[in-house]
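Please keep the sequence and the 3D view open while reading.

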Amino acid sequence: MKQYFLIITLFALGLNSCKKTDTNSTLNENLKIKMFETVDSTKRTLFLNCFTEKIYECSNYGIQATYILTSDKITINFIQIITPNICLTSFGPASTLIKLEGLTNKLYEVELNFGATKITGQLDVSETSFKATLPTQTKVQFVNT
C-alpha cells in the first residue's frame, strides 16, 4: 500500500511541474545581455547570453527569441518566457543564447524588439573587440559593453 501512495505522490508532483506557455503574451521582463566570443582557426563567433533580471523558481525557464542578421543590421525579437515542463528546482533567470556568426569589422545597427517596444543601438565590431551602445533606458542593458 505504501508503494501505491509513493507512486501516486510522484505522479501528482510530475503533473504539477507541467505548465503551458502562454503563446499570446509578450516579454515584459527587463533583460541583461552578456557578450562573449569564441575564436577558432577560421572564424569568430559572438554569443549574446540574454537573461531576465527577474529570478524564477526553476533555473531552466527560457526566453523565446528570433534574430535576423543582415549585412548592416542585427534584429532580435524577444517574444515570451518559456515555462519548462520539468522544473530544475534551483532558482534562476529565464535565458536564451544567441549565436552571431559571420560578423565583419564594421558598425551594425542593433534593433531589440519586445512586442510593440523597440530599442535601437549599435554594435561596433573591430579586430580586437565588440562594443555595444544602447540609449539610456531600463528595458535592456549590456552587462559588458
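## The largest cavity

The largest cavity holds about 60 Å³ of space. The model is a predicted one, in which local features need pLDDT of at least 70 and side-chain atom pairs count only at pLDDT 80 or more, while totals for chains, interfaces and linings use all residues. Residues are numbered from 1 along each chain as its sequence is written, and side-chain values use heavy atoms, with hydrogens and water left out.

A cavity here is a set of points, on a 1 Å grid over the protein atoms alone, where a 1.4 Å probe fits but cannot get out, and its lining residues have an atom within 4 Å of a point. Grid points are joined across faces, edges and corners, and a volume is the space filled by probe spheres set on the points. Rolling a probe the size of a water molecule over the atoms shows where empty space is left. The count comes to one cavity of 30 Å³ or more.

## What lines it

The lining of the largest cavity consists of L46, L48, I74, I76, L100, V110, L112, Q122, L123, A132 and F142. Ten of these residues are nonpolar, one is polar and none is charged. In this grouping Ala, Val, Leu, Ile, Met, Phe, Trp, Tyr, Cys and Pro count as nonpolar, Asp, Glu, Lys and Arg as charged, and the others, Gly among them, as polar.

Strands β2, β4, β6 and β7 each supply at least two residues of that lining. Strands (E, at least two residues) are DSSP runs, numbered from the N terminus.

## How the strands pair

Two strands count as paired if DSSP finds at least two bridges between them. β3 and β4 run antiparallel and are joined by eight bridges, with a hairpin of three residues leading from β3 to β4. Within this pair, L69 stands opposite I74 in β4, and A65 has F78 of β4 as its bridge partner. β4 also pairs with β6, here in the parallel sense and over five bridges; I76 stands opposite L112 in β6.

Strand β6 (residues 107-114) pairs in turn with strand β7 (residues 117-125), antiparallel and over eight bridges. L112 is placed opposite I119 in β7. The hairpin of β6 and β7 has two residues between the strands, and in this hairpin G115 takes a positive phi near 65°. Next, β7 pairs with strand β8 (residues 130-133) in the antiparallel sense over four bridges. Four residues make up the hairpin that joins β7 to β8, and D124 has K131 in β8 as its bridge partner.

F78 is found in strand β4 (residues 73-82). How exposed or buried is F78? F78 has a relative accessible area of 2%, so it counts as buried. Buried means under 20% relative accessible area, exposed over 50%, and partly exposed in between, with a 1.4 Å probe and protein chains only.

Leaving out residues up to four places away in sequence, F78 touches L27, L31, C50, I63, Q64, A65, I98, L112, N113, F114 and G115. Contact means heavy atoms within 4.5 Å. One of these residues, L27, is 51 residues from F78 along the chain, with 6.4 Å between their C-alpha atoms. C50 is also buried, with a relative accessible area of 0%.

## The disulfide

A disulfide is a pair of cysteine sulfur atoms within 2.5 Å, and by this rule the count comes to one. The bond joins C58 to C87, S to S 1.8 Å. C58 lies in the loop between β2 (44-56) and β3 (62-69) and C87 in the loop between β4 and β5 (92-101), so the pair, 29 residues apart, links distant parts of the chain.

The link of C58 and C87 is left-handed, with -110° about the S-S bond. C58 counts as buried at 3% relative accessibility, whereas C87 is partly exposed, with a relative accessible area of 24%.

## N144

N144 lies in the segment after β9 (140-142). At 32% relative accessibility, N144 counts as partly exposed. N144 touches I33, K34 and M35, again leaving out residues up to four places away in sequence. N144 and F36 are 108 residues apart in sequence, yet 8.9 Å apart in space, C-alpha to C-alpha.

Terms used
On a 1 Å grid over the protein atoms alone, a cavity is a set of points where a 1.4 Å probe fits but cannot get out, and a pocket is an open set with protein on both sides within 12 Å along at least five of seven lines; lining residues have an atom within 4 Å of a point.
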